[in-house]
Each structure stands twice: as C-alpha cells, then as structure tokens.
Amino acid sequence: MKILKIMFVMLIMVTLVTIFFSCRKSENGSKAPKEPNMPEAATIEKVQTLCPVEGGKIDKSVYADYQGKRIYFCCADCIAKFNDDQAKFTKQMEEKGVVLANTPQ
Ligand SMILES: [Zn+2]
C-alpha cells in the first residue's frame with residue numbers, strides 16, 4: 001500500500017511538472033511574436049494633429065514654418081504665442097513623439 005501511495009504522489013508531481021513546463025512553453029510561444037512588434041510601436045511616427053499651444057484640433061490653413069518644419073495651429077492667435085517661444089513648443093511636440101511635416105520646398 002505504501003508503494004502505491006508513493007507512486008500516486010509521484011504521478012501527480014510528474015503531471016504538475018509537465019503542466020508547468022507546457023504552460024511556460026506556450027507563454028513563451030505567445031510572447032515571441034509580440035516582441036518584434038514592440039520597438040516598431042514605440043517608434044511609430046505620429047503626424048501633428050493638435051495645436052502645440054492650445055491643444056485644439058489643427059487647421060491646416062493656419063501654420064508657421066520653423067527650422068524647416070511646418071507647424072500647424074488651431075487659430076492665428078496660437079501662431080503669435082508660438083513665436084514667443086518656438087523652441088519650447090517644438091520640444092514639447094518632440095517629447096510627445098510628434099513628427100513635424102517638412103516645409104514644402
Ligand atoms: Zn489656437
């Protein structure tokens with residue numbers, strides 16, 4: 001009877017170990033395809049959609065050119081505010097991952 005008990009316990013342990021490793025395997029399997037996409041998602045280029053000054057939706061007819069980049073605004077008032085501190089607003093957009101359009105040649 002003792003041997004049967006030991007064998008039973010061992011069988012359970014083997015089963016648990018098998019489940020444990022198969023779980024880990026499938027976990028890694030599902031992770032693997034995600035990982036190559038991670039850097040891509042992080043470097044995805046965001047076009048400017050919001051006014052850097054007031055955060056409103058941009059009007060494509062209201063813009064200013066700064067260091068070869070075209071920056072769009074929600075209204076003409078924001079261009080004046082932008083011109084007060086162009087470097088600050090440009091940096092803020094960069095930090096948000098916004099990629100500014102090049103000034104058309
Ligand atoms: Zn505005």
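How many residues lie between E2 and E3 in the hairpin that they form? The hairpin of E2 and E3 has two residues between its strands. Here helices (H or I, at least four residues) and strands (E, at least two) are DSSP runs, numbered from the N terminus. The structure is a predicted model, in which local features need pLDDT of at least 70 and side-chain atom pairs count only at pLDDT 80 or more, while totals for chains, interfaces and linings use all residues. Residues are numbered from 1 along each chain as its sequence is written.

Phi of Gln67 is near 50°, a positive value in a residue other than glycine. Most residues other than glycine have a negative phi. Gln67 counts as exposed because it has 10 C-beta neighbours inside 10 Å. For this classification, a residue is buried if 20 or more other C-beta atoms lie within 10 Å of its own, exposed if 12 or fewer, and partly exposed in between, with C-beta atoms placed from the backbone.

Two strands are taken to pair if DSSP finds at least two bridges between them. In general, strands of a sheet pair through backbone hydrogen bonds. Five bridges join E2 to E3, and Tyr63 stands opposite Tyr72 in E3. Two bridges join strand E3 (residues 69-73) to E5, and these strands run antiparallel. Across this pairing, Arg70 stands opposite Ala101 in E5, and Asn102 in E5 is the bridge partner of Lys69.

Lys69 lies in strand E3 and counts as partly exposed because it has 16 C-beta neighbours inside 10 Å. Residues are in contact if their C-beta atoms, placed from the backbone, lie within 7 Å. Not counting residues up to four places away in sequence, Lys69 touches Leu100, Ala101, Asn102 and Thr103. The C-alpha atoms of Lys69 and Val99 are separated by 9.3 Å, although these residues are 30 residues apart along the chain. In the segment after E5 lies Gln105, which counts as exposed because it has 4 C-beta neighbours inside 10 Å. A separation of 9.2 Å is found between the C-alpha atoms of Gln105 and Gly68, which are 37 residues apart along the chain.

The largest nonpolar core has eight residues: Cys51, Val53, Ile71, Tyr72, Phe73, Cys78, Phe82 and Phe89. E3 and H3 each supply at least two residues of this core, and the largest share, three residues, comes from E3. Such a core is a set of buried Ala, Val, Leu, Ile, Met, Phe, Trp, Tyr and Cys residues joined through C-beta atoms within 7 Å. Not counting residues up to four places away in sequence, Val53 touches Phe73, Cys78, Lys81, Phe82 and Phe89.

Key: Contact = placed C-beta atoms within 7 Å.
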